[in-house]
Amino acid sequence: MTDSLTSSKPAQASETFANSNPQAKSQFIEPVVLIRRIALGIAIATWMVMAIGSATRVMNAGLACPDWPLCYGSVLPAEQMNLQVFLEWFHRLVASTVGFATIVLFGASWYFRQSLPKWLPWATSGSLSLVVFQGILGGLTVTQLLRFDIVTAHLGTGLLFFSSLLAIATSLTSQTISDQTRTSPKIAWLGLTAAVLIYLQSILGALVASQWALHQCFATQDMCIVLNAHLIGVIPATLASVALVVTVLLTKAIAPVLRFVGSLAGLLVIAQVAIGYATYKLHLQVEPLTIAHQATGSALLGTLVCFAVLAFRLTKKATSPSQTEQNQAQPAIR
């Protein structure tokens with residue numbers, strides 16, 4: 001009898017500890033945290049896919065694998081492997097991984113839908129639709145021999161998919177921000193405007209790249225209209241981004257996270273303009289600069305998307321009736 005009582009004490013103690021320790025009580029990661037991490041991871045991988053795709057185009061490796069989805073009829077073309085084949089093969093490998101990971105994100109969001117915001121499963125469904133369409137365009141890029149409109153649509157869809165993942169991850173992250181933070185709606189709309197203009201400018205850049213407009217304009221004076229459209233598009237996109245950064249820096253009452261993301265956007269704008277100018281002056285002769293130009297532009301777009309989502313979430317929280325009542329009641333309580 002004494003032995004049974006003695007042996008039950010450790011079990012009771014461990015049960016008490018588990019009930020008092022939330023981490024011990026919850027053995028699995030929360031669905032919101034899980035979805036946020038998956039979405040963010042896929043977004044980072046997508047950014048890498050776009051950078052590798054830029055390297056593939058710059059190195060003239062877009063048709064290094066003449067067939068699709070395999071490469072020379074195999075999963076790993078060891079006999080034909082060289083730098084160009086490796087770039088195209090690796091681009092497809094990472095893109096396929098992103099596609100499968102998006103299916104996991106889609107399935108997890110619907111499986112845990114009772115514990116997630118109602119909009120989230122539908123948002124991941126949209127992301128899955130984009131990545132499927134992106135895969136189709138990737139195949140057409142090869143079968144249609146790098147037709148410029150398909151190549152442009154391929155990058156444009158990739159940027160939309162990238163932005164959707166960051167919007168999902170940021171929307172879930174912003175739930176941890178203090179409800180007492182106030183944000184002006186003007187800043188949120190300014191951030192969205194800058195993101196849209198950067199996206200449109202990226203599409204113009206894709207047209208320049210897919211038609212080799214810079215090379216043709218300098219060599220034969222052809223395609224200069226496309227190049228000039230991209231150069232003119234720099235002005236509104238840059239002005240909107242600079243206006244956002246200046247507004248953020250001059251606004252004293254702004255959430256620290258918005259100040260940080262806005263400052264990061266400012267650094268990316270400076271880097272993008274400098275890299276773009278160097279790329280133009282060097283006539284696309286330095287491949288790493290061309291790749292960095294596209295990668296920095298994608299990073300700038302993603303940063304502005306995150307800023308806009310955070311700003312709109314904070315604007316909604318600041319204008320909610322319950323928050324207003326709470327702020328009015330606090331002085332009386334004190």
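Trainee: Which residues is Asn60 in contact with, leaving aside its neighbours within four places in sequence?

Mentor: Asn60 is in contact with Gln84 and Trp212, where contact means heavy atoms within 4.5 Å. The C-alpha atoms of Asn60 and Gln84 are 7.4 Å apart, although 24 residues separate the two in sequence. This is a predicted model, in which local features need pLDDT of at least 70, side-chain atom pairs count only at pLDDT 80 or more, and totals for chains, interfaces and linings use all residues. Residues are numbered from 1 along each chain as its sequence is written, and side-chain values use heavy atoms, with hydrogens and water left out.

Trainee: Why is Asn60 called exposed?

Mentor: Exposed means over 50% relative accessible area, buried under 20%, and partly exposed in between (1.4 Å probe, protein chains only). Asn60 has 55% relative accessibility, so Asn60 counts as exposed.

Trainee: What makes Thr56 buried?

Mentor: Its relative accessible area is 4%, which lies under the 20% limit; therefore Thr56 is buried. Among the residues in contact with Thr56, beyond its neighbours within four places in sequence, are Leu87, Glu88 and His91.

Trainee: Why is helix 7 called roughly antiparallel to helix 9?

Mentor: The axes of helix 7 (residues 185–210) and helix 9 (residues 224–250) cross at roughly 160° and come within 9 Å. Angles over 145 degrees count as roughly antiparallel, under 35 as roughly parallel, 65 to 115 as roughly perpendicular and the rest as oblique; helix 7 is therefore roughly antiparallel to helix 9.

Key
Axes fitted to C-alpha atoms, helices over the stretch in contact; angles between N-to-C directions. Helix = DSSP H or I, 4+ residues; strand = E, 2+ residues; numbered from the N terminus.
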